[in-house]
Amino acid sequence: MKALRDVRELSTLALLAIEVAFFAWYLWPDGGRPHPFLNGANALLILKYSSIYGIAAIGAAMVIISGGIDLAPGAVIALTGVVAGALFVESHWSLGASALAGISAGLACGLVSAALIVGARLPPFIATLGVMGIARGAAFIITEGRYFDVSGQLPAGWRPLGLPLDWTSPLLMVALAVVFHTLMMKFQWGRAVYALGGNPIAALYAGVRVDLVQASVYLIAALLASLSGVALAIVQGQGKADLAMGYELDVIASAVVGGASLAGGRGSVIGAVLGALIFGVLRNALPQIPGATFYDRLIVGMVVIVIVVVDQVLQRRSARL
Amino acid sequence: MTAAVAFEHIDKSFAAIAALRDVSFAIDRGESHAIVGENGAGKSTLLKILAGSLRPDRGELRIEGEPATLAGPRDALARGIGLVHQEMLAFPNLSVAANIFAGRELTRRFGLLRDRDMRDRSAALLDRLRVRVAPDARADGLSLAHRQLLQVARALAFDCRILALDEPTTALTAAEAEQLFGILDGLKAGGVTIIYVSHRLAEVFRLCDRITTLRDGRFVSTVARATATSDDIVQAMVGRALETRRRTTTFVPRTAEEGRRSSPAAALATGRLSSAPCFRDVSLTVAAGEIVGLFGLVGSGRTELLETIVGLRNATAGDVTVANSRRRFRSPREAARSGVVLVPEDRQRQGLFFNLSLRHNLAIPAAEAEGRTLVGGAERAHAAAMLRRWRIGAAAIEPSDTPDVLSGGNQQKVVAAKWIATKPRLLLLDEPTKGVDVGAKYEIHGIIRGLADEGAGCLVVSSDLPELLTLADRILVMKEGALCGELPGDATEEQVMRLAAGTAA
């Protein structure tokens, strides 16, 4: 089992490397000018923007591995940013307290999802579709069309934990990926998540606390989405109700490209982060290709399909052997 | 001595259907106790109550003399009750070791997994069961037999005081089953109480001290093995239906000659049919009106052969001739339209739509085969007639009910009936009586014979050797993907097994 999953993550990593190599070659500048894609500043830019949905993708991967689906992350990201932004900018709370309040709002969304799925036994798709609407609606109600200029209020040259501001959210993503990957692979809780996704009835009979595990997965997914929300508020410098529109699909796509199976039981946290980076590179490089601006959505969509189809073909071949 | 488990006046109903009615009996500590009965008798419901996944409507479960209200499977496990399920409850996505310890992982603080310890313990356990599988192998790569033994290993992995097994040998060969019995004997000697549910009376008599029979959700009797014969048990199980059994046992075995005389045309001929890597060079014929049995051990390629004939899998070489014309079906639909149908092995997954009423279940194949587009009201009358004709379920069963209200045997009859409704020329049956009780088995045999008498060719795959010997005009034996012999219908079990298992067994 372990060997197989390692292979799957390596292939995602290889894909990312091929992608970077391709754009490095394609965008190679003429006559000694600086490379527009292959440079440190651009790499940081990619990492910064990928981390916004990359953090949430960690949660999405775990939800999908457990056999569920979460449509709320985009709305939760926006709500967190708006709540934190409103308190920070208008009520002059401290940054930490505002962020905590925003995260609490996100967690509340997760709690509602978990209660609907575990308590009321709603299908996850329906439950989180409802929560998505509620969270987005709450964000609009709070802002009443305004937006909160967070960056204007941040102390100039602020270095959280002594790090450059731009580094914080990529580092947060990496740290969270390591933590949750370890939890999923090395701890009983993670094993229970895989078991639940592999065969929910067998999990119940095996004595897995199915309800608790399922609820925890949606709560953690909401927590990670709200951390994404805080990251977005700081990176973008604003809290706004219509931010992160459609991110739920980017987040799900990242997890799936990273090896998560929507049938449950298969996938990995590291894979989801690598998946987020694959999209981050695409989104960064495509606009730099002259004339490709209008194609980027189309290309991103095709990439999802190609990667998943190739993965399935490979899976089927390895199953036959 | 207090009983290990006592059921006291247990009632349990699902919707309007009573599964258990006032069931009371006790299982002594340290004995091995069989629970037998036809499908639908309530055995599985009783085990689910013991495993904590169902709660009785009335009555009490006592464990070691204490009244026990189990909150769930987890609670039952905590009280030392282990259950080996009839269904293949494996985690296909996890390793063998992770399967064995699922829900009861060995951990350090904070739930950190002790992977190495679990792997070692799994290896030792698999060794004890003589299952040659690596603890790191993924469960979805295992054979059916190994998956079933994995369930047994799961139960053995923790020290249970009460071990209940629900049909644990359905996918095992005789040798593997005997190995399992040896292990169960050892556990019993160590003081574990064994509860054994099976249709196979030979196993029950081999293993158990006492035998409890249930019928229609009621307790019939508990008898000691020494004082009972297998006829007594069958009589207790079948009860009122004994008449059917007597009539069918006097059935004169058909002969191939009889079959050929009634209609000389071959219903099916395959010429060196192959589907790599499952089977190769299979050439066989089935005459119209003939019942041909196909025997082989698990993994011999029998199911794959049937699937290839109806177009579920691609042939890599060879040809199929149906009613004198060469055909290569691309789908079961195409096959059904030419009168070739497959009654599949797994009724849960391949046979029934549990979201649809019996009426629709019964009508879909015929409607597809005949290319009907309108769903007519006549279907309801047809369905009701079929339910009566095949004696499916109790009189209270309506065409508007869903299949889940039926017992396994009656579900199997629905699967057979829906295909027979297409009036096939050639009927392929894969384990038509797997997990089915004695009464339903004879009825299904009657259905197959009736169809053959009307001129259809039947190719029956079964692991149940006595069944093939009573049913088939000829028996073909497959081994490791190739046909390895043909025997007349009056062959002995020994002759067939010698071919199927080869000298290696």
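This is a predicted model: local features need pLDDT of at least 70, side-chain atom pairs count only at pLDDT 80 or more; totals for chains, interfaces and linings use all residues.
Start with the whole chain. Chain B holds 19 helices and 20 strands. Its radius of gyration is 24 Å, close to the 23 Å that the globule rule gives for 505 residues, so chain B is as compact as a globular protein of that length. The C-alpha trace spans about 70 × 50 × 45 Å along its principal axes. Of the 505 residues, 48% count as buried. Among contacts in chain B with a separation of 6 or more, 68% join residues 24 or more positions apart.

Now take helix α6 of chain B, residues 174-189. The helix has 16 residues. From first C-alpha to last it reaches 22 Å, close to the 22 Å expected at 1.5 Å a residue. Buried in α6(B) are B:A177, B:L180 and B:L184. Down the helix axis, the buried residues fall within an arc of 60°, so they line one face of α6(B). An α-helix has 3.6 residues a turn, so residues three or four places apart point the same way. The cover over the buried residues of α6(B) includes β3 (32-36), α5 (144-156), β8 (193-197) and α7 (201-207) of chain B. The face turned away from the buried side carries exposed residues: B:A175, B:G182, B:G186 and B:A189. After α6(B) comes B:G191, with a positive phi near 100°.

Last, the neighbouring chain. In chain B, 24 residues are in contact with 22 residues of chain A. Helix α2 (residues 73-78) of chain B gives the most to this side, with 3 residues. By class, the side of chain B that touches chain A has 12 nonpolar, 7 polar and 5 charged residues.

How values were computed. Residues are numbered from 1 along each chain as its sequence is written. Chains are lettered from A and ligands numbered from 1 in the order in which they are written. Helices (H or I, at least four residues) and strands (E, at least two) are DSSP runs, numbered from the N terminus. The expected span of a helix is 1.5 Å times one less than its number of residues. A residue is buried if 20 or more other C-beta atoms lie within 10 Å of its own, exposed if 12 or fewer, and partly exposed in between; C-beta atoms are placed from the backbone. The arc is that of the directions from the helix axis to the C-beta atoms. Two residues are in contact if their C-beta atoms, placed from the backbone, lie within 7 Å. Ala, Val, Leu, Ile, Met, Phe, Trp, Tyr, Cys and Pro count as nonpolar, Asp, Glu, Lys and Arg as charged, and the others, Gly among them, as polar. The radius of gyration is taken over C-alpha atoms; the globule rule is 2.2 Å times the number of residues to the power 0.38.
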